[in-house]
Amino acid sequence: MKKTDVIIIGAGPVGLFAVHQLGIKGLKAVVIDNLDKAGGQCIELYPDKPIYDIPAVPECTGEELTKRLLEQIEPFHTEFYLNERVEEVKKENDNWKVKTNNKNEFFAPNILIAGGVGSFEPRKLSIKEAEKFEGKSIFYAVKNKEQFKNKNISIFGGGDSALDWALELSKFSKITLIHRRNEFRGAQHTLDEIKKLEKEGKVNIKTPCQIESLEGEQNLKSIKIKFDNGKTEKIQTDVVLGFFGLIMKLGPNAEWGLNMNKKTIEVNAENFETNKKGIFAAGDICTYPGKLKLILSGFHEVALASVECFKRARPNEKYRFEFTTSSKTIQDRLGKK
Ligand SMILES: Cc1cc2nc3c(=O)[nH]c(=O)nc-3n(C[C@H](O)[C@H](O)[C@H](O)COP(=O)(O)OP(=O)(O)OC[C@H]3O[C@@H](n4cnc5c(N)ncnc54)[C@H](O)[C@@H]3O)c2cc1C
């Protein structure tokens, strides 16, 4: 069994920054995530998309943000347990015992749940044949836009992801944007840009219609869509991108006896503790009056949670507030000479 000061559940941006905030206070943490890499939604859902509201970083992609967060916590040599899902959380005196689906066990006075939306899965195309093309011609996220260069791409969906990728990929591929309603839910200015491209013949928009069938042997050759008025149309297609939103599966996180509110965990906004002493929640998974599901909010939340974690992990020491610029202790912990 691995003993540590804080068990962090979730390696999204908030879990990663938690390592930093705990580390500069001299606390050790382990990070567990059921995805195969760190970064949470940033790396899984929008690695190539720019983010514009990280303080002092005017623009960076989801992937760049993840890299920078990982670089920032390098001095702490934190152990990551990836591809592991936390299944069980049990109290043992004043400590917590955590068990993963790989039967690894961890023991600590504190747990910090930075589990985002839980283990999330994209909603997929409803027709059975779609499975055989998945990962080859059908995708539900864009991990590397280079692989979509010079293709005929049919993009399904009416939200921001569908619109953003239609715009981005139209720079080097032929795009057909298909949605089951006439109205799009995504940002109006993106839609305006796409309508402009439609007039120039660079993007086709098909509404209101849905997928009817797929054609191709190993790889996709074409798709057939059906309009609400019953008409059908065949579209030459190498790649289908489906952006139908996510199915949020909170999974085991909802079973640990924590006070929940609409799939989120209620916390005290003074220290981000849940109704269980020593279990904290931060980032998208927590809720409190005025909560904003933004990365910067999560950063603030773990800064406060880490103070309370310190008090529990070092009951005989006094917590001292210090600036990184002037604290020799923090600079030593960061390996700065
Ligand atoms: C398309 C898109 C664009 C966005 N743009 C912005 C933006 O511009 N600015 C901004 O501030 N925010 C943006 N966001 C929101 C932002 O990504 C989230 O607020 C942020 O990712 C939340 O971070 P988190 O660490 O709380 O959770 P997540 O990033 O969701 O990470 C949670 C991690 O916990 C893991 N996990 C959950 N349960 C378990 C378990 N039981 N065991 C093991 N692992 C578990 C999951 O696998 C996941 O990796 C955007 C989101 C999307 C989808």
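At roughly what angle do the axes of helix 5 and helix 6 cross? Notes on this predicted model follow.

1. **Helix crossing.** The angle is roughly 45 degrees. Helix 5 covers residues 160-169 and helix 6 covers residues 188-199; their axes come within 10 Å. Angles between 35 and 65 degrees count as oblique, so helix 5 and helix 6 are oblique to each other. The crossing of helix 5 past helix 6 is left-handed.

2. **Helix contact.** Helix 5 contributes Leu163, Asp164, Ala166 and Leu167. On the helix 6 side they meet Thr190, Leu191, Glu193, Ile194 and Leu197. By class, the residues of this contact are six nonpolar, one polar and two charged.

3. An open sheet is built from three strands, ordered 21-22-24, with mixed pairing. Strand 21 (260-261) and strand 24 (286-287) are the edges, and each pairs on one side only.

4. **Strands 22 and 24.** Strand 22 spans residues 264-266. Strand 22 runs parallel to strand 24, and two bridges join them. Ile265 has Cys286 in strand 24 as its bridge partner. In general, strands of a sheet pair through backbone hydrogen bonds.

5. **Whole chain.** The protein chain holds eight helices and 24 strands. Its C-alpha trace spans about 75 × 40 × 40 Å along the principal axes. Of the 337 residues, 50% are buried. Among contacts with a separation of 6 or more, 58% link residues 24 or more positions apart.

How values were computed:
Residues numbered from 1 in each chain as written. Predicted model: local features only at pLDDT ≥ 70, side-chain atom pairs only at ≥ 80, totals over all residues. Heavy atoms only, no water. Axes fitted to C-alpha atoms, helices over the stretch in contact; angles between N-to-C directions. Helix = DSSP H or I, 4+ residues; strand = E, 2+ residues; numbered from the N terminus. Parallel < 35°, antiparallel > 145°, perpendicular 65-115°, else oblique. Left-handed = near helix turned anticlockwise from the far one by under 90°. Contact = heavy atoms within 4.5 Å. Nonpolar A, V, L, I, M, F, W, Y, C, P; charged D, E, K, R; others polar. Pairing = 2+ DSSP bridges. Buried < 20%, exposed > 50% of the residue type's maximum accessible area, 1.4 Å probe, protein only.
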